[in-house]
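This report covers domains, selected helices and the ligand shell. Start with the model itself.

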Amino acid sequence: MKQDMSSATEENRRVLSGMRPTGKLHLGHYHGVLKNWVGMQGQYECFYFVADWHALTTHYESPDTLGRYVWEMVIDWLAAGVDPEHATLFVQSRVPEHAELHLLLSMVTPLGWLERVPSFKDQQQRIRDRDLSTYGFLGYPLLQAADILMYRAAHVPVGEDQVPHVELTREIARRFNFHFGRDANFEKDAEQSLERMGKQAAGTFRRLKQALGETGDRSVHDRALELIQDQQSLSTDQKQQLMGYLEGRGKAILPEPEALLTEAARLPGLDGQKMSKSYDNIIAMRDDPGRVEQVVRVMPTDPARVRLSDPGEPDKCPVWPLHRIYSDDETRQWVQTGCRSAAFGCLECKKPLIRSLLREQEEIMQRAGPYERNGNLVREVVEQGIANARKAAQETLEVVRDAVGTRYL
Ligand code: SF4
């Protein structure tokens with residue numbers, strides 16, 4: 001993604017990411033998200049949060065499960081190796097500053113921007129057993145934007161499919177900065193620079209600036225930047241000033257975050273589909289070893305292997321993607337050759353996989369042990385995280401209240 005002047009700078013190493021507490025975490029979460037979190041905690045200033053308000057946007061009819069899952073989920077994070085010495089772990093609803101920023105952002109966010117978020121209509125149509133025609137559900141991308149902008153995060157780790165959400169956050173930041181970010185002389189100085197461009201170019205700039213403010217359209221933004229860059233009569237400083245004028249960045253209040261594309265291993269479920277609680281095909285991060293062995297033993301395989309003597313094809317077998325993640329080169333080669341030549345049966349093929357899964361679970365269990373035995377330890381981690389998060393959030397809100405004119409005391 002292109003980095004522009006208002007984006008968070010390279011020196012800003014802050015990363016924000018959250019998870020909704022809607023169930024026990026499984027190995028799909030471990031390989032798809034948590035391993036990345038662990039990897040990032042040494043390189044970035046990481047804020048990881050339990051998105052309990054987000055869970056309520058879709059699960060408001062079952063609030064009783066929230067409390068239980070919040071603590072279980074934090075134990076899963078710690079069991080994955082997330083280190084509270086290197087990352088701030090907190091619960092969203094215990095940092096009420098998120099709600100204030102969400103409200104303030106809502107003042108300048110056009111309804112159409114929220115209605116066009118692809119997941120809004122898609123999920124409303126897909127999830128039929130719950131009424132999602134609520135403001136909470138419509139506004140959840142805005143709450144997400146508030147979560148990110150609250151920490152002035154430079155990076156948001158996301159998969160390819162979530163890039164539009166980060167893009168929406170950037171548009172909202174740009175619009176907020178446009179409305180509230182100008183200081184007294186900035187506008188006057190920028191208008192003087194515009195005069196140097198000549199009547200026609202200045203007119204085009206003004207039209208594009210207005211269209212950008214109304215629509216947030218990225219292509220309009222890029223056309224305006226091109227126009228500024230083409231102006232021979234402007235100094236570099238004046239060009240930069242006009243870029244700021246275009247985006248309303250007289251004063252950077254909320255920096256635009258960058259999507260940090262993460263290459264996560266996609267772990268399929270026991271039936272070969274995406275691992276998900278709703279498909280009933282998961283292995284929990286802290287599962288019972290006996291169950292792990294049993295569910296892998298009965299996993300479906302390539303349907304062509306009816307008899308032991310029938311050759312199979314790993315690419316048509318749901319067990320193979322698990323071998324790709326859990327087995328070493330030698331074992332993978334053994335599977336490929338042995339499956340295609342019917343040298344062994346499927347149960348034999350699953351044995352090294354079961355061993356690797358149990359080894360991994362044992363490590364997870366060991367890390368979880370102290371927290372499972374002493375709930376106070378988990379609470380201490382989260383309480384400290386909440387204190388750290390609130391400090392950072394309050395710093396941002398001071399600036400934001402100043403800008404919107406609500407800092408009276
Ligand atoms: S031998 Fe292994 S890879 Fe081949 S079909 Fe059986 S379980 Fe799948």
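## Domain layout

The centres of domain 1 and domain 2 lie 34 Å apart, taken over C-alpha atoms. The model is predicted. Its protein chain splits into three parts: domain 1 (14–179 + 255–266 + 374–404), domain 2 (183–247) and domain 3 (286–372).

## Helix α18

Helix α18 covers residues 375–404, 30 residues in all. From first C-alpha to last, α18 reaches 41 Å. That is close to the 44 Å expected at 1.5 Å a residue.

Which residues of α18 are buried? They are V378, V381, V382, G385, I386, A389, A393, V400 and A403. After α18 comes G405, with a positive phi near 85 degrees.

Helix α4 spans residues 97–106. Its buried residues are H98, L101, H102 and L105. These cover an arc of only 105 degrees around the axis, so they sit on the same side of α4.

What do the buried residues of α4 pack against? The partners are α8 (140–150), α9 (163–180) and α18.

## Ligand shell

The ligand is surrounded by 13 residues. The closest are G312, C317, C339, C346 and C349. Two elements give two or more residues to this shell: α16 (329–340) and α17 (346–373). The largest share, 3 residues, comes from α17.

By class, the shell holds 8 nonpolar, 2 polar and 3 charged residues.

Technical notes: Residues are numbered from 1 along each chain as its sequence is written. This is a predicted model: local features need pLDDT of at least 70, side-chain atom pairs count only at pLDDT 80 or more; totals for chains, interfaces and linings use all residues. A residue is near a molecule or strand if its C-beta atom, placed from the backbone, lies within 6 Å of it. Helices (H or I, at least four residues) and strands (E, at least two) are DSSP runs, numbered from the N terminus. Ala, Val, Leu, Ile, Met, Phe, Trp, Tyr, Cys and Pro count as nonpolar, Asp, Glu, Lys and Arg as charged, and the others, Gly among them, as polar. Domain bounds come from an automatic or database domain assignment. The expected span of a helix is 1.5 Å times one less than its number of residues. A residue is buried if 20 or more other C-beta atoms lie within 10 Å of its own, exposed if 12 or fewer, and partly exposed in between; C-beta atoms are placed from the backbone. The arc is that of the directions from the helix axis to the C-beta atoms. Two residues are in contact if their C-beta atoms, placed from the backbone, lie within 7 Å.
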